[in-house]
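Reader: I am new to reading protein models, and I would like to learn how to look at one feature after another. Could we go through this example together, slowly?

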Amino acid sequence: MTRRTSAAWPLFCIYAVLIVYASLYPFDNWRFQGVMSWSFLTASWPRYWTGFDVLSNVLGYAPLGFLLVLSLRRMRPQWPAVVVTTLLAASLSLALESLQMFLPVRVPSNVDMALNTVGAWVGAAVARGLVWVGLMDHWNRFRDRWFETEASGALALLAVWPLALLFPAAVPFGLGQVLERLEGTWIQVLQDTPWLESWPVREVELQPMLPMTESVCVALGLLLPCLLAYGVVQRRPQRWVLAGLCLTGGLLASALSAALTYGPVHAWGWVSPEVIQGVVAALVLAVVLSLASPRLCWVLALAALVLQLSLLNTASADAYFPLTLQTWEQGRFIRFHGLIQWLGWSWPFALLIYLVRRLSMSPSSGRA
């Protein structure tokens, strides 16, 4: 029996990168401000702070501690996981707060560092408590019954997918529509340089997506996590359960995004006839393809992903989409310095890399 890998480790790596991004955003105007980077440690505590600041700093590092303890339990069971996790989280917070001294728009704080460390300790203690009462053993036995040996990467991608959907998309479930924005950003970078004139420019502007194409993108976007799950699960009833969870989770995440952007009364305002057609098509295809082999499911997932990215990135967003982004960016609760935005942009490409890597392995690789 091949030893199973833990999904906690890739999730920890993803979350650590996101914390670095959140702590150093917006990554511009770096400068030395005449004080040592660690001088904030001896500064007086801020006079004014809010409950939201405390909660966000504690909760921001709690998942980091939780995931790292679970990772160490699998990889280094002899280590004192809670102590190691707390020290590593404190070191990470110290490094990031020190780097904020070079960013004029960020304010390093000894209180933030302390709260980050407390948050990581709380997450680590919760994970250790779950291990102590045996819940993690129950999860391991459940995973042994449901998933193949090398399922950690797929489980990590499935766990991140609902979070990626929180960032508004021009087409529901259409993650990865980045070409138009990348072109605009690159042109700004080349502005006032001799290279701008030699940069190839499209002769025809991107056109809005046709209703039928939108339905296809919605169906493909919902079908992708189902096919990903099918690649690590072989039994049909379990596939149906996972497909139902994926479809339900995707719908609820999109509704939550709309509710947090426009208000609860608009939670389902994004559901159009084209979206309904796409959801129905995804449901039918998810049931039919549950009969396919795991490898065929991943081949179909790769083809569906390439097709969806092609359709999304050869069409322009509708004229009202920039207003949606403007409304979103005024909120403080789920923007979190663009973290969710980056998840929405990068999730399809992470899936692309994962599928290519797994399909390049021998068919028997990773099986128990």
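**Reading the core, the surface and the rings**

Author: Let us begin on the inside: the largest nonpolar core has 90 residues, and those with the most contacts inside it are Phe 147, Leu 228, Tyr 230, Val 232, Trp 347, Leu 351 and Tyr 354. Helix α9, residues 211-230, supplies the largest share of this core, with twelve residues. Please keep in mind throughout that this is a predicted model.

Reader: Which residues is Tyr 354 in contact with, leaving aside its neighbours within four places in sequence?

Author: With those neighbours set aside, Tyr 354 is in contact with Glu 150, Gly 153, Ala 154, Leu 157, Leu 228, Val 232 and Trp 298. Two of the names in that list, Leu 228 and Val 232, you have already met among the core residues with the most contacts.

Reader: How should I describe the protein chain as a whole, and how many helices and strands are there in it?

Author: The protein chain contains 14 helices and two strands, and of its 368 residues 45% are buried. If you take the contacts between residues at least 6 apart in sequence, 84% of them join residues at least 24 apart.

Reader: Which residues form a nonpolar patch on the surface?

Author: The patch is formed by Leu 252, Trp 268, Val 271, Ile 276, Val 280, Val 284 and Val 288, which together have about 630 Å² of accessible area. Helix α11, residues 273-289, gives the most to this patch, with four residues, while Leu 252 lies in helix α10, residues 236-262.

Reader: How is a pair of aromatic rings described?

Author: In general, one gives the distance of the centres and the angle of the planes. This structure holds six aromatic pairs. In one of them, the rings of Trp 9 and Phe 12 have centres 5.4 Å apart and planes at 25°, so the pair counts as stacked, the cut-off for that word being planes under 30 degrees apart. Both residues lie in helix α1, residues 8-24, where they are three residues apart, about one turn of the helix.

Reader: Are Trp 9 and Phe 12 buried or partly exposed?

Author: Trp 9 is partly exposed, because its relative accessible area is 37%, whereas Phe 12 counts as buried at 13% relative accessibility; the cut-off for buried is under 20%.

Reader: Which residues form one aromatic cluster?

Author: Phe 173, Trp 268 and Trp 270 do, and Trp 268 also belongs to the nonpolar surface patch. Phe 173 sits in the loop between α6 (152-164) and α7 (179-190), and its relative accessibility is 3%, so this residue counts as buried. Its phi is near 65°, a positive value in a residue other than glycine.

Reader: Where is Gln 100 found, and is this residue buried or exposed?

Author: Gln 100 is found in the loop between α3 (81-99) and α4 (110-133), and it counts as buried because its relative accessibility is 3%. Apart from neighbours within four places in sequence, Gln 100 is in contact with Ser 23, Leu 24, Gln 33, Arg 106, Val 107 and Pro 108.

Reader: How many residues apart in sequence are Ala 62 and Ala 127?

Author: They are 65 residues apart in sequence, and 10.0 Å apart in space from C-alpha to C-alpha. Ala 62 has its place in helix α2, residues 51-75, and touches Gly 119, Ala 120 and Gly 123, not counting residues up to four places away in sequence.

Key:
Residues numbered from 1 in each chain as written. Predicted model: local features only at pLDDT ≥ 70, side-chain atom pairs only at ≥ 80, totals over all residues. Heavy atoms only, no water. Core = buried A, V, L, I, M, F, W, Y, C linked by side-chain atoms within 4.5 Å. Buried < 20%, exposed > 50% of the residue type's maximum accessible area, 1.4 Å probe, protein only. Contact = heavy atoms within 4.5 Å. Patch = residues over 30% accessible without salt bridge, like charges linked within 9 Å, V, L, I, M, F, W, Y side chains within 5 Å. Areas by Shrake-Rupley, 256 points an atom, 1.4 Å probe, with all protein chains shown as cover. Salt bridge = Lys/Arg side-chain N within 4 Å of Asp/Glu carboxyl O. Phe/Tyr/Trp six-rings, centres within 6.5 Å; stacked < 30°, edge-to-face > 60°.
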